[in-house]
Amino acid sequence: MEDKVLLVKDFRKVYGDFVAVDGVSFEVQRGEIFGLLGPNGAGKTSTLECLEGLRQPDGGTLDILGVNPAREPHRLRNLIGVQLQSSGLPATMTAREAMRFFCAYHGVAPRDDLLERLGLQGKQDAQYQGLSTGQQRRLSLALAVAHKPPVIILDEPTAGLDVGSRAELHTLMQELRGEGLTIILATHDMAEAEKMTDRVAILLKGKIVATGSPTELTATGAGFTKVSVRTERAVLMDNHTAFPAVSQRIIREEYVIYWSTDPGPTVAAILAHLSAQDDKLIDLRVERPSLEERFLELTTG
Amino acid sequence: MTAFMHHFAYEFKTGLRNPSLLMINYLFPLGFFAMMGFVMTAINPLFQASMVPAMVIFAIVAATVLGMPGPLVEAREAGIFRSYKINGVPALSILAIPGLTTGFHALITAAIITLTSPLFFGGHAPVNVGAFVGITLLTAFTCAALGMLISVISANSRATILWSQLVFLPSMLIGGLMMPLDVLPEAVRPFSALLPTSHAMQLFTGWAYNEPTVFNLPVSALTLALSGILAFALSIYLFNWDTHNQIRRGHPLMALLALAPYVVSMFLK
């Protein structure tokens, strides 16, 4: 049975003559991590800002658990937690003060336990400006979930973070999903979207150009599979034999990479050729296109 | 503790933590007070009679008109108000609580000036303490509301400095703080009625020190109160949550309505 948490239907946002979002529709189910992807200016931020109640939509329906964000901001604020891309906190506010401040406005007891859980123990009395970027992001996340909203909206949560901090934040997001939260994730990071999301919508020039799980999206692309081969004597490097179903061949470092529409016969033919040439296989990789490749295919044509 | 108390406590601490605010709330007015105490009273002993109210008004204007708007505009530019809106912090609290805490800091400075001026510089203590306190509170309210309005209509931090100086500099020159209004040139004197400091100084002179004045005091009191209420109401009405989203209920030029009581007072002196 469907358990719809968020509905966007025929949503439209216009700034003067510029149509930022043009008839966008999607749904998000309870417990999902839903990715909103798109290049700059695609309409992601406008969509998020209308969902957060920061802007008024110019058409269509927005619904979060039965609440219209534009008309019922007082009901909305306890349903969503938002981690904004920009700081969102005064420079001199300490982590503990921020927790008390926001929890007081939500009418809930402060959640100091969250500060510890998110690795901010010992930093409770540090001012926001004194925290590292990773700590600032974790504090923002703690504040976004402190009032236990069923939906959280994360806008580029890992932008500017180092690898360790990024991995930590991903673990936290998975934990939050495990607790039943629904997460809307806007990101430019395709690897992050591929790893973290259940479904994504790709926005381009104000319209959704693709929607589905990352696996579905990559499967519905041009249909090429990447076959990368590295051998001991590198006989494939100078070999231009037309293997079956191969449309393109490139050489990258010690690998010869074939783009195949039917990888089975391609691999079989390559192995047969290597055997005939008395070469020894060191590495063979058969990979579907990544979400990033599919994204680029969609956004650059 | 309520949301209001948490917010108030944070904003009050910010007035001490933020080096710029600490400077404008305390170090600048108290330093100027000390300089005026040592220099001005030596040059012009008559200044001792008006030193306390003049320095009290100076402290209030510095904190509210010069100090308060900047951080509010910077917070809006940094997207902090967006975060506040999402979390249910009302516009009224965003503006009124910094106004209250700034007023509170200004009152602490005013108390230091009032208590130490007679001791160190021969400044005259007020004759009517009740009236002195009342006028101080009224001035703080009016100037805080004016500071709020400046923060709301300023498009950016640079514009804030311009608007603040547009109030502060004339207040210093023709607002009755450095020299009495009756010694101003005839051509300039009517324009002094456009400044809150002139009315505040006249109220202190007449009601707190029982000295003769050139303004009609009930009119001055009404002017300060009405302009404060108007500025406060306009601040809430014209408030904008974020820099990128320019849709607001009225045009910033509506802020000029807060000057209406001063214009009217020019003809009722």
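These are my notebook entries on what I looked up in this structure, which is a predicted model.

**Entry 1: the contact between the chains**

I began where chain A and chain B meet. I found 25 residues of chain A and 24 residues of chain B in the contact. The two chains bury about 2300 Å² between them, and carbon and sulfur atoms give 58% of that area. I then asked which three residues supply more than any other three of the area that chain B buries against chain A. They are B:Y10, B:I86 and B:N87, which supply 29% of it.

Next I looked at the polar side of the contact. I noted 9 residue pairs in polar contact between chain B and chain A, with both residues of each pair at pLDDT 80 or more. On the side of chain B that touches chain A, the elements that give two or more residues are α1 (3-17), α5 (80-86) and α6 (91-121) of chain B. Helix α1(B) gives the most, with 7 residues. Sorted by class, this side of chain B has 11 polar, 9 nonpolar and 4 charged residues.

**Entry 2: salt bridges across the contact**

How many salt bridges are there between chain B and chain A? I got a count of 3. I wrote down two pairs, with their distances.

One pair is A:E49 with B:R82, where the closest N and O atoms are 2.5 Å apart. This pair crosses between the chains, from helix α1 (residues 44-51) of chain A to helix α5 of chain B. Are its two partners buried or exposed? A:E49 counts as buried because its relative accessibility is 6%. B:R82 is buried too, with a relative accessible area of 9%.

The other pair I noted is A:E97 with B:R17, whose side chains meet in a salt bridge at 2.6 Å, N to O.

**Entry 3: salt bridges inside chain A**

I then widened the search and counted 22 salt bridges over all chains. A:R199 forms one of them with A:E32, and the closest N and O atoms of the pair are 2.5 Å apart. I checked where the two partners sit: A:R199 is in strand β8 of chain A, and A:E32 is in the loop between β2 (18-29) and β3 (33-37) of chain A. The pair links distant parts of the chain, 167 residues apart. At 23% relative accessibility, A:R199 is partly exposed, whereas A:E32 is buried at 9%.

I also looked up A:E179 and A:R117, whose side chains meet in a salt bridge at 2.8 Å, N to O. A:E179 lies in the loop between α6 (163-178) and β7 (182-187) of chain A, and A:R117 in helix α4 (residues 112-117) of chain A, so this pair ties together parts that are 62 residues apart in sequence. A:R117 is partly exposed, with a relative accessible area of 35%.

One more item went on my list: A:R12, A:D22 and A:K207 are linked in a network of salt bridges.

**Entry 4: A:T197**

A:T197 is found in the loop between α7 (190-196) and β8 (199-204) of chain A. I call A:T197 buried because its relative accessibility is 8%, under the 20% limit.

**Entry 5: B:G67**

For chain B I picked B:G67, which lies in helix α3 (residues 47-67) of chain B. B:G67 is buried, with a relative accessible area of 7%. Not counting residues up to four places away in sequence, B:G67 touches B:L21, B:I24 and B:A62. I also took the C-alpha to C-alpha distance from B:G67 to B:S164: the two are 8.8 Å apart in space and 97 residues apart in sequence.

**Entry 6: cysteines**

Last, I searched for disulfides. The structure holds 0 of them over all chains. I looked up two cysteines as well: A:C103 is buried at 3% relative accessibility, and B:C143 is buried with a relative accessible area of 2%.

Methods
Residues are numbered from 1 along each chain as its sequence is written. Chains are lettered from A and ligands numbered from 1 in the order in which they are written. This is a predicted model: local features need pLDDT of at least 70, side-chain atom pairs count only at pLDDT 80 or more; totals for chains, interfaces and linings use all residues. Side-chain values use heavy atoms; hydrogens and water are left out. Contact means heavy atoms within 4.5 Å. Buried area is the accessible area (1.4 Å probe) that two parts lose on being put together, summed over both. A salt bridge is a side-chain nitrogen of Lys or Arg within 4 Å of a carboxyl oxygen of Asp or Glu. A polar contact is a pair of N or O atoms within 3.5 Å; within protein, one must be able to donate a hydrogen and the other to accept it, and residues adjacent in sequence count only if both atoms are side-chain atoms. Helices (H or I, at least four residues) and strands (E, at least two) are DSSP runs, numbered from the N terminus. Ala, Val, Leu, Ile, Met, Phe, Trp, Tyr, Cys and Pro count as nonpolar, Asp, Glu, Lys and Arg as charged, and the others, Gly among them, as polar. Buried means under 20% relative accessible area, exposed over 50%, partly exposed in between (1.4 Å probe, protein chains only). A disulfide is a pair of cysteine sulfur atoms within 2.5 Å.
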